[in-house]
Amino acid sequence: MQPFRKHTGEVVPLDRVNVDTDQIIPKQFLKRIERTGFGEFLFYDWRFAADGTEKSDFALHDPRYSKATILVAGKNFGCGSSREHAVWSLADYGFRVIIASAFADIFANNSLKNGLLTVTLTEPQVAEIMRRAAHTASYRLSVDLEKLTVEDDQGFSATFTMDDFARHCLLNGLDDIGLTLKHETAIAAYESKHPVRPEMSAILPGR
Amino acid sequence: MAPRTLFEKIWDAHLVSSPEGQSPLIYIDLHLVHEVTSPQAFDGLRTNGRRVRQPLRTVATVDHNVPTTPRGLPIADPIAAKQIEALQKNCREFGVPLFDIDSPEQGIVHVIGPELGITQPGMTIVCGDSHTSTHGAFGSLAFGIGTSEVEHVLATQCLPQKKPKTMQIDVRGRLLNGVTAKDLALGIIGRIGTGGAAGYVIEYTGEAVRKLSMEARMTLCNMSIEAGARAGMIAPDETTLAYVQARRFAPKGKDWDNAVSAWQTLATDPGGKYDRVIEIDAASLAPFVTWGTNPGMVVPVTERVPELASFAQESDRRAAEQALSYMDLQPGMPMEQITVDRVFIGSCTNSRIEDLRSAARVAKGHHVNPKVRAMVVPGSQAIKHAAEQEGLHRIFLDAGFEWRESGCSMCLGMNPDILQPGERCASTSNRNFEGRQGRGGRTHLVSPMMAAAAAIAGHFTDIRNWRFN
């Protein structure tokens, strides 16, 4: 996984609450069996008309935000379906950080596994960032995971919190399967006390 | 020992390790797998030279992509076919049991787990699907995960998990006639919002919950994720045992007696503490219909589309305005005047035999409105077969409903069952998000009875006034 330490980039505001993963990546794009190439389908129904032409009024197509790598949105971002394709599409499109006042649990977990940082700020802080992003040309934020800060160069400054272990994994780009496998002794001990129920062995074909 | 909740007992029993400075590692008893969220996980195993640690704790089926037209026809969508083939190949390569498309056990993953007796009380269950919360109806800790976590569980049978908070939703009194578990779920989400339970595992308690059948409990727990909950659960009782006993993969003989003894200790101890408690008066609930683009945008069928001024928060008011624009509805319009083009009875929320019985009871002796196209999609091949034994398919077909093969179907429209732009649908599924059932499609979530009644009336109608034949 790509480590995340500090990122400075331009900001695009998506002023909506409860953005669900069906909007982030509609179902017709979930049939690919690879992890890559989802960026072009990000927010597909919001970005493109039914005939495939770009909707110029959608924030991501606003030329002011064309270089954005930080997305700021309303509360409960990423709710709904567990599809990790939502995170893959945001990351593949070029986003490194999502800022919102609340995230859905599964989305936040999926983001962690892909080096996409989710930063939870208060509603007034999110509103202030949206205001600045809408009124300042090439508005930039610096997000520092070591210091747990979000700052611009015009006096905005906020701190955020994150689970220590999640932060440690992100900072170091750790493969958490590898970390879990370091507990092999404990896992094997648990399994010896809790064997698979005998009736399950009948589930395999040919038995 | 201090009194513990149902959740805490299952959590404690599955702790493999609590390493200093890391998330606790919990053991996963059952990992359900389907074609959409698994291919990249199997690829990850291959890349890293890892195997599936516990193939007998892993069960796969195909459900999201499968057409609901007669089995045996080729899958017209080549990309869907490729994804299904990928699962077949992965299951062969890694030794994972698969209930394939032509299997009599095939069905929606959250339907077949319980009906085969694979889902049991006290288990930890995960699946790369948010509606895994369904299995909590059995008093298990069941939650949805992403594809990276699917790979993690395949490789290690464990997950590092931050311990969630607990929420009790205590449903006092009894549900009125015509008010179902679906209405209870929608009523709860309407009250606490789609993010209202984020970070929590819900335990549903109270007289109204105890009185629910297993099918109804599954509907209620299924919708927990729509309130943002990590999981939803209900302590096992006689209703649970009666459902699980004698199912194919349920414990047998002495194993059954031992299992029952263990399951009977799972219920929350007197004095067990929750982080948050919500009380619901069951008798205050009515049949609900959603009006907007998330499940929290919901009112009783007897009410009207809300006025924008009724939203206190500016962000919610704007969200409502956007939703009404998408749904092409006006504030103040009576819900019963909203006409529908399509009706979908199915999904992991409402496709079980009891759901089909209740819809058939409404449909019996009536006919689908000529302007409406209505389809019934059983949750599994076993349910389809059982319904046909009971003659339910006859009732539906005589009334003008389509009777189809099992799968997720129009809940998310990954197969050819989708809404056309602008079409309005009464749906027994779980999400009314924009475009969920097809781009430009407009979804209203309801119970199976309310959906069947809408198909016949051509508009939403209060099931409590229905003329049953």
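Buried means under 20% relative accessible area, exposed over 50% and partly exposed in between, with a 1.4 Å probe and protein chains only. In this predicted model, local features need pLDDT of at least 70, side-chain atom pairs count only at pLDDT 80 or more, and totals for chains, interfaces and linings use all residues. Residues are numbered from 1 along each chain as its sequence is written, chains are lettered from A and ligands numbered from 1 in the order in which they are written, and side-chain values use heavy atoms, leaving out hydrogens and water.

**View 1. A:Tyr93 and A:Phe95 make a stacked aromatic pair.** Rings of Phe, Tyr and Trp (its six-membered ring) pair if their centres lie within 6.5 Å; planes under 30 degrees apart count as stacked, over 60 as edge-to-face and the rest as tilted. Here the centres are 5.6 Å apart, with 15 degrees between the planes. A:Tyr93 is partly exposed at 29% relative accessible area, while A:Phe95, at 3%, is buried.

**View 2. B:Arg247 sits over the ring of B:Tyr243.** Its charged end is 3.7 Å from the ring centre (the rule asks for NZ of Lys or CZ of Arg within 6 Å of the ring centre and within 35 degrees of the ring normal). For another example, look at B:Arg361 over the face of B:Phe468, 4.4 Å from the ring centre.

**View 3. B:Asp316 and A:Lys75 join in a salt bridge.** Their closest N and O atoms are 3.2 Å apart; the rule is a side-chain nitrogen of Lys or Arg within 4 Å of a carboxyl oxygen of Asp or Glu. Across the interface of chain B and chain A, 10 salt bridges are found.
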